[in-house]
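Colleague: Please take a close look at one part of this model, and say how each term is defined as you go.

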Amino acid sequence: MHKRASVRCAAAIISLTVVFSGGAVAANAADSTTLTDIVLGVGSDDSQRNLAWYSSTDTAQVAQVSLASKVVDGVFPATATSFTATGGLTTSNEYNRFVTVTGLKENTDYVYRVGSEGNWSATSKFRTQDFDGDFNFLFFGDPQIGSSGNVANDTAGWADTLNVATSAYPDAEMLFSAGDQVESANSEPQYEAFLSPNQLRQIPFVATNGNHDVGSKAYEQHFNTPNVDRTAGAGSATGSGGDYWFIHKDVLFMNINSNSRDFTSHIKWMTDVVAAHGAEAKWSMLAFHHSIYSPAVHATDTDAVDRRNNLPTTISNLGIDVVLQGHDHAYARSYLIRNGQKADAAEVAGADSVVPGPGGVLYVTANSSSGSKYYGLQNKPEFWWLSVQNQEQVRNYTALEVTDDAINIKTLRSQANGAMAVNSLVDQVTINKAPETDTQELQVTVPKADAGEFGWSIDGTNALVDLGTATESGDHYAAVGTLNPIRVTDTRVAGPEWSISAQVSDFTSGSTSFSGKYLGWTPTVVEAGGGAVAGAKVESGFEGGNGLSVSSTLGSAATGHARGSAKLGAGLDLQIPMDATDGTYKATVTLTALS
Amino acid sequence: MRRSTTLTHAALVAILATVGTLAAVSPASADAGDVSWGVRTAANDQGTDRQNFGYEIDPGAAVTDALVVSNHDAVPLDLALYGADGFTTEAGQLDVVTQDTESVALGAWIDFTADSVTVPAGESVEVPFTVNVPDNATPGDYAGAVITSLGQPSQEQGLSVDRRLGIRIHLRVGGELAPALTVADMRVDYTGSANPFAAGDATVTYTLENTGNARLTAGQKVTVTGPFGMLPADALKMKAVPELLPGESWKVTTRIAGVIPTFLLSAKTVVTLQSASSDEADPAIAPVESTATTWAVPWALLVLLLLVAAIVVATVLIVRRRRRNRKRLEDARVDEAVQRALAERETELV
């Protein structure tokens, strides 16, 4: 007992130490500057990181960075390197601070804090990995915190998606946003909510300028992006703008402010960047917010059409491999597109492996990562570019795994949808480097099934119902039997919902009748498959209720169910009152399967 | 009475016997047994690889489309073709009216070039149809289906089965869209517990009515509170509201356990409307609220308190009476002693 108490005492001391080191900022009353909105960004290359934060007062501040290995007993190392912060007054009357941390080494854990002597932020960590070779990063569609009207919900969805994604991809080297970080460009509470997950201080965040970010300077005051050219895709006196680029592990990333439709400036900027840095890169990727090959409501917007008419040829000519986009709050993956047209007429929808020839570009549009807003698919015939589209109104994220020879793009649910668990696959495609001309490679493309069909096998005779022999049962006559099982097959690719309902007419005999409500049933899945679920039991209406006189469900499958086949049956239960007029009765059961 | 039941019994046997005889006659194929067919959307100007049919058509306009019917059997298949109006079932699924019920909206606007189709064995046939929206059609959302139905010979008796396989159609008729929803007949009932210290259950019921012209789904939150918003309790795991077509309603019943009887109980529901259609450009719809109140008297506790009070009063009365009795006896004893003493003194004086 005594020993146990001393152990507990030691535990208390340890926790107190933690409290004191964390509380030091508050304890020092000399400098009451509050430091908020700290976000870690990418630098120009792998040896750099950019930091940005907000400060309540305009004091001289630094970022201190140290090897994590030098932290002893939780004390921030005195030998840390300081980087002087720049910045100024923000539109929300705070002060922003930018720092570029340079000289980072490969495969190293670092700790950092920002502020000034006596008033430091909490300590955060980040890790560098190999500066070349394979890597993966995570791509997120429009978090748009606040767009549902409920900042707390949107933030919870965003935080959960980040947790799910970074747990599934613990080595992810970037968090890449498709833009529209917040609903209202100048809302500091929304920014604070958006930046609240700790991952934004640990893994470099790549911001894209969306239409909801552009109404204020807050976007460019919050995000410290490298190599910004504010003359290309320029902002306005009150709105954010600029195009920027960086290189990460031999991949050139370009990010343009698509709010500006000054295509001349974007095209010149991209052309210049590729001319200067294209040779260093094994792949190149472009990101901008307003998707030009999307599946939902924004695809037909006049501004989207304008971008679609002006950008694709340049994107093909510059040899860009992948374009990452948002804005339409629904998932889409394009066919390979060259100069604004389907590059290979033979490419099948949903192919899981593609080999782009020269100028072939794959465009990905991300669904909502926070769940704050979804747009329904338009299913318009003129949307020739859609290889895959998906809208299940659950949160998604996309993991891009980059190797020398291929880019694998997997889009996953960060939120379960019925039987589809968290991290289940929405879509995946691998972009393979075209084989060298002097080598011969074998390749086979496994096509996805064609459009697919909803069908059934049902008894073609009228022997569908066999109720056996009715027996007297207390105050009524009862008959039981089984519905001949029905096989349902659904091979439609997207797995849209289906259901089979039944309704029984009145039992009639000449001019007399009794209600169909006296028939009840117990649906069952005789053979499971394709996400089929049996309908609820319906009691005979003898005791009360409507029985099968109202439409009841035999079975159904929810949106997004697996392709496949199921067998559905039902136990039937007829209970007729003893005072029913005698006669020979007939009734019709209408079984309706709708796809 | 005895005679009547015997006859009913006989009638029932007749139903079943008839079903048995008809089994020998196959209307659709030479072989008795299963018939397999499937439907899908055609690939044409209206779209490719569609999940089902969806249109936006202005009043007076029409759209021509087609479904593909595939016969997976070794014998030709005759199927009837028609359109039918949709409705939401009590289980929340879309179904369409049976052949006995005349379609009056979308179902009535669907025209097939023929009433039936014969699909050769193992083949697929593209079946065109037209959706003609009348000039006077009300703007808003409609649901229905194009139906393929396996023909059946007319029967004199028995339990026959109409087998229909179809593809749903969602139609939005152009014009002003006015989504609206009301909460009707809201009430809350309270069931207390026999245990005076236990909480009871509140049951909240109401009906959601889609009073607008757009199909809708809704999120809902139900909370019960005591007076002045004390002790709020939320309904958990509420069943989702299915897509409601214009004019349809949906009954909601939810039980909230662990509600403390605070004499007056208020229930409030906040229904958040969501458009179920694919077009997000709907007018924004404000959440709809409704409240109801009921008495939630802690009867068991009150009875217990009354019992306790009665015991206390009774005890006090008994104690008082005993004290009074004791005093009276004591007084009598003293009196008697005095009398006796006085009597003795008088005796001495003598």
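Modeller: Leu304(B) sits in helix 3 of chain B, residues 299–349; helices (H or I, at least four residues) and strands (E, at least two) are DSSP runs numbered from the N terminus. The model is predicted: local features need pLDDT of at least 70, side-chain atom pairs count only at pLDDT 80 or more, and totals for chains, interfaces and linings use all residues. Residues are numbered from 1 along each chain as written, chains are lettered from A in the order written, and side-chain values use heavy atoms, without hydrogens or water.

Leu304(B) is partly exposed because its relative accessibility is 31% (buried is under 20%, exposed over 50%, partly exposed in between, with a 1.4 Å probe and protein chains only). Together with Phe197(B), Val308(B), Val312(B) and Val316(B), Leu304(B) makes a nonpolar surface patch of about 440 Å². Such a patch joins nonpolar side chains (Val, Leu, Ile, Met, Phe, Trp, Tyr) within 5 Å, from residues with over 30% relative accessible area and no salt bridge (Lys or Arg side-chain nitrogen within 4 Å of an Asp or Glu carboxyl oxygen); areas are Shrake-Rupley values.

Asp37(A), in strand 1 of chain A, is buried because its relative accessible area is 11%. Although not a glycine, Asp37(A) has a positive phi of about 60°. Lys249(A), also not a glycine, has a positive phi near 50°. Lys249(A) lies in the loop between strand 12 (244–248) and strand 13 (251–255) of chain A, and counts as buried because its relative accessibility is 2%.

Terms used:
Patches are made of residues with over 30% relative accessible area and no salt bridge: like charges are joined within 9 Å, nonpolar side chains (Val, Leu, Ile, Met, Phe, Trp, Tyr) within 5 Å. Accessible areas come from the Shrake-Rupley method with a 1.4 Å probe; for residues, only the protein chains shown count as cover.
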